[in-house]
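Open the model in a viewer and keep the selection tool at hand. The stops below say what to select next and what is there.

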Amino acid sequence: MSEKRTFSIEMEVPYYFVNFTGDIRLSALVDMMLLTSEKQLHEAAADSSEMVKNNGLGWVVVQYHMDIKQMPKLGQKLTITTQATSYNKYFFYRDFWVDDEDGNRMVDATSAFVLIDIKERKIVGAADRLDDKFGAEETSKLVRFPRVKVPADFDFQQAQHIGYYNIDVNKHVNNSYYFDWMVDTLDMDFIANHQISSMDIKYDKELNTDSQPLAFAKLDNTNNKSIHWIKNGDVMNVIAQFSWKDK
């Protein structure tokens, strides 16, 4: 069995990655993680642009679980690391973690990816398409992520516009935009006084330029949680749960 390989990049949080409180936006945090995995995949000619160009395939994330001890802030120097951990017939599992410049752990995340045929919009076997799996272990097991249920009602509802800038090389809305849409449903005073401590998200159905998404949110103030979901008509596209703590 080959050794699981890690890959790291160092970044300083720029002003355009943060919100009005100086904390990094959740979408920007995810983007930094994905940039790290893209750079590792590039070493094997298997990053997003190369897979689309050479194979007509695209990487699509289907689930994340993230624990946030401290949200990175403006100007903070970070080391973002990723490691491909395991894979089965369809899913490729990858971990991420973020440390500050003193080596203190700030964020841990687990993710599940699939490969899709861009034209057919169907999942294909990831294991058969990758020559270099970066030491990930083959397994028949599925990684179980926490399940999030859609509430019976909602506190907030907001229509979202999809523009050309939302569409990525896989020809669908880039998954990072969902985080901004979800957080945008919450009151600014709530954002100013709270920080996300954990996050679970599951992507069910992609959005494209013909979609007309509605973002919903339900607050559970007793347990400091919020549930967010986005629908296109009657179709559920994505659902997430955020746990919050006071700043």
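Select Asn88: it is buried, at a relative accessible area of 9%, where buried means under 20% relative accessible area, exposed over 50% and partly exposed in between, with a 1.4 Å probe and protein chains only. The model is predicted, so local features need pLDDT of at least 70 and side-chain atom pairs count only at pLDDT 80 or more, while totals for chains, interfaces and linings use all residues. Residues are numbered from 1 along each chain as its sequence is written, and side-chain values use heavy atoms, with hydrogens and water left out.

Asn88 sits in the loop between β3 and β4; helices (H or I, at least four residues) and strands (E, at least two) are DSSP runs, numbered from the N terminus. Show its side chain together with Lys141: a polar atom of the Asn88 side chain lies 3.2 Å from the backbone oxygen of Lys141. This is a polar contact, a pair of N or O atoms within 3.5 Å; within protein, one must be able to donate a hydrogen and the other to accept it, and residues adjacent in sequence count only if both atoms are side-chain atoms.

Strand β3 covers residues 77-87 and runs antiparallel to β4, with nine bridges joining the two; strands pair if DSSP finds at least two bridges between them. The two strands form a hairpin with four residues between them.

Strand β5, residues 105-117, pairs with β4 in the antiparallel sense over eight bridges. Phe92 has Phe113 in β5 as its bridge partner. The hairpin of β4 and β5 also has four residues between the strands, and there Gly103 takes a positive phi near 85°.

Now select helix α1, residues 26-42. Its 17 residues reach 24 Å from the first C-alpha to the last, close to the 24 Å expected at 1.5 Å a residue; the expected span is 1.5 Å times one less than the number of residues. Among the buried residues of α1 are Leu29, Val30, Met32, Met33, Thr36, Ser37 and Gln40. An α-helix has 3.6 residues a turn, so residues three or four places apart point the same way.

Within α1, zoom in on Ser37. Which residues does Ser37 touch, not counting residues up to four places away in sequence? They are Thr82, Arg94 and Phe96, where contact means heavy atoms within 4.5 Å. Ser37 is buried, with a relative accessible area of 4%, and its side chain reaches the backbone oxygen of Leu34 at 2.9 Å.

Move to strand β9, residues 194-203, where eight of ten residues are buried. On one pairing, β9 meets β2 (residues 57-68) in the antiparallel sense over five bridges, with Met66 and Met199 as bridge partners. On another, β9 pairs with β12 (residues 235-246), also antiparallel, over nine bridges.

Select Ser198, which is placed in β9 and stands opposite Ser243 in β12. Ser198 counts as buried at 14% relative accessibility. Its contacts, leaving aside neighbours within four places in sequence, are Met66, Asp67, Gln241, Phe242 and Ser243.

Then turn on cavities. On a 1 Å grid over the protein atoms alone, a cavity is a set of points where a 1.4 Å probe fits but cannot get out, and lining residues have an atom within 4 Å of a point. Grid points are joined across faces, edges and corners, and a volume is the space filled by probe spheres set on the points. The structure holds one cavity of 30 Å³ or more, and the largest cavity contains about 30 Å³ of space. Its lining consists of Gln63, Tyr64, Pro146, Val148, Asp200, Ile201, Lys202 and Ile239. β2 and β9 are the elements that give two or more residues to this lining, and β9 gives the most, with three.

Finish at Asn224, in the loop between β10 (213-220) and β11 (225-232). Asn224 is not a glycine, yet has a positive phi of about 55°. Most residues other than glycine have a negative phi. Asn224 is partly exposed, with a relative accessible area of 31%.

Notes:
1 Å grid on protein atoms, 1.4 Å probe; cavity = no way out; pocket = protein on both sides within 12 Å on 5 of 7 lines; lining within 4 Å.
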